[in-house]
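This report covers metal sites, sheets and selected residues of one protein model. The sequence and structure come before the description.

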Amino acid sequence: MRAVRLLGPRDLRVDDVPDPVVQAPGDAVVDVTATAICGADLLPYRGYVPGFEWGTTMGHEFVGVVRAVGPAVRRVKPGDRVVCSSTTSCGTCYYCVRGMAAQCEHLALFGFSGAYPRLDGGQAERVRIPNADRVLWPLPEEVSDEAGVFVADILSTAFRGVERADLRLGDTVVVVGCGPVGLMSVMCARRLAGQVIAVDTVPARLEQARVLGAVPVDAAGDALAEVMDLTSGRGADAVIEAAGAVSALTSAVAMVRGRGTVSVIGAHFEPEFPLDMGRMFAKEISLRVSIGSPTDDRERVLALIRGGVLDPTAIVSHRMSLDDAPEAYSLFESREATKIVMRP
Ligand SMILES: [Zn+2]
Ligand SMILES: [Zn+2]
C-alpha cells in the first residue's frame, strides 16, 4: 500500500510499504478515505521532535472504512465508516476511567513514533488502529468524510478550548492566532458569543476569520488597543490562545477583562513564561490549558456537524491526492494552504 513516510527533516516520500494487519485482539485495520495535514505534523517535518523515529508513516487526522477487526473488537465491524481519534488511550488507567483521555498513562499519537510509542499514522491507504473500540467512533451518515477528518483533532481541540473558556451567551471572545485551530475556535465561539474578535498577522487568515463572522484585528498593529476599543476599555470576557507562541499568550493575558478566562489550546514547549502575576491576581484572571481530547468530545462535536451547526469544511483550501503529499506539506508549511485534505 502507499504511505507518506518521513525519512528525515523535510525528506517526505510516498512509498509502497507492507499492508498493516491486525496484531492484537483489540486491533482494527482501516481503509483511509480522507486524511489531513495538521500543524503538529510540521514539527517532525522540520526536524523539531527529539527522538522522532524516521520512517514513521505520518498523520493523525483521518477517517475511513473498517477493513478488518480483531476478535475482541465490539463497537465497530468491517464496512463501518469511522473517525479515528488523533491519540490512542487505554480506557482503563486512572485518567481514562475519569474521562481524561488526553492524560492517558499509555497515550500514543498516530504518526509521532519516538516522541510517543511506535504508531504509524493515517496518511496512507490503510492504518492499524490499536484498541479500536476506544479509538474509533462511527461516522453518522450525514457527516461527510471531509467534515469527519476535523473531528479527529482540530475541531475537537477548538471545541474543548471554547468550552474551557467558560463562555456565556452573548460574551465577547478574542481568538489569538487564526491558523486552522484558531479558525475552528472562531467557528465554535460564534455559536455562543455576541462578538468574536480574531487576531493574527496574516491577511488571508484574518479574511477567513472575517468570513466566519469575526471582527479581524491585525496583530502587526496595536491589537491590544483595538480589543480595548471594542470592549469599552474592559477587555474580553474570554480569550482563546490558539497560536502556541509566547507573544500570543502575552497578548491573550493582556486582552482579558477582570475575572475573565484565558483558554490556551496553542501548543507550547517553552519551559518558562513571563507571567504578570500581579495583574493575574488583581484582575482574578483564570489561565487554563487544554490539549484536544477527541475521544471524550467527538460525540458532541459530531452532533454539531450533523445538526448543521458547524461546517468545518469551510476552511479546506486544497483537496489533493496522497501521492502529492510532498507538495502538500510544502504548501501548508509556507501558509499558502489553510487546510489540506488528501485522499488515497
Ligand atoms: Zn493535529
Ligand atoms: Zn488510559
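How many bridges join strand β12 to β13, and do they run parallel or antiparallel? Strand β12 (residues 195–200) is joined to β13 by 4 bridges, and the two run parallel.

## Basis of the description

The model is predicted, with local features requiring pLDDT of at least 70 and side-chain atom pairs counted only at pLDDT 80 or more, while totals for chains, interfaces and linings use all residues. Residues are numbered from 1 along each chain as its sequence is written, chains are lettered from A and ligands numbered from 1 in the order in which they are written, and side-chain values use heavy atoms, with hydrogens and water left out.

Helices (H or I, at least four residues) and strands (E, at least two) are DSSP runs, numbered from the N terminus. Two strands pair if DSSP finds at least two bridges between them.

## The parallel sheet

The β12 and β13 pair belongs to an open sheet of 6 strands in the order β13-β12-β11-β14-β15-β16, with parallel pairing. Its edge strands are β13 (215–218) and β16, each pairing on one side only. From one strand to the next the twist averages 20°; axes are lines fitted to C-alpha atoms, for helices over the stretch in contact, and angles run from 0 to 180 degrees between N-to-C directions.

Strand β14 (residues 236–241) runs parallel to strand β15 (residues 256–264), and 5 bridges join them. Ile240 has Ser263 in β15 as its bridge partner.

Not counting residues up to four places away in sequence, Thr261 touches Arg164, Ala165, Asp237, Ala238, Val239, Val256, Ser286 and Arg288.

## The antiparallel sheet

An open sheet of 3 strands has the order β2-β1-β4 and antiparallel pairing. The edges are β2 (11–16) and β4 (56–57); each has a single partner strand, so one side of each lacks a neighbour in the sheet. Strand β1 (residues 2–8) is joined to β2 by 6 bridges, and Leu6 stands opposite Leu12 in β2. Helix α12 (residues 325–333) packs on this sheet, touching β1 and β2, with its direction at about 155° to that of β2.

## Zinc sites

The zinc ion (ligand 1) is coordinated by Cys38 (SG), His60 (NE2) and Asp153 (OD) at 1.8 to 2.1 Å. Donors are N, O and S atoms within 2.8 Å of the metal (3.2 Å for Na, K and Ca); water is not among the atoms, so sites may look incomplete. The sequence spacing of these donor residues is C-x21-H-x92-D. His60 lies in the loop between β4 and β5 (61–69) and Asp153 in the loop between α4 (145–151) and α5 (154–163), so the pair ties together parts 93 residues apart in sequence. Both His60 and Asp153 are buried.

The protein donors of the zinc ion (ligand 2) are Cys90 (SG), Cys93 (SG), Cys96 (SG) and Cys104 (SG), at 2.3 to 2.4 Å, spaced C-x2-C-x2-C-x7-C in sequence. Why is the arrangement around the zinc ion (ligand 2) tetrahedral? The 4 donor atoms subtend angles of 103 to 117°, and four donors count as tetrahedral if all angles lie between 85 and 135 degrees. Cys96 is buried at 6% relative accessibility, and Cys104 is buried at 6%.

## Positive phi values

Arg10, in the loop between β1 and β2, has phi near 60°, a positive value in a residue other than glycine. Arg10 counts as partly exposed, at 46% relative accessibility. Asn131 lies in the loop between β9 (126–129) and α3 (132–135); its phi is near 50°, also positive in a residue other than glycine. With a relative accessible area of 29%, Asn131 is partly exposed.

Key
Four donors count as tetrahedral if all angles lie between 85 and 135 degrees; four count as square planar and six as octahedral if opposite donors are over 155 degrees apart and all others between 65 and 115; anything else is irregular. Buried means under 20% relative accessible area, exposed over 50%, partly exposed in between (1.4 Å probe, protein chains only). Contact means heavy atoms within 4.5 Å.
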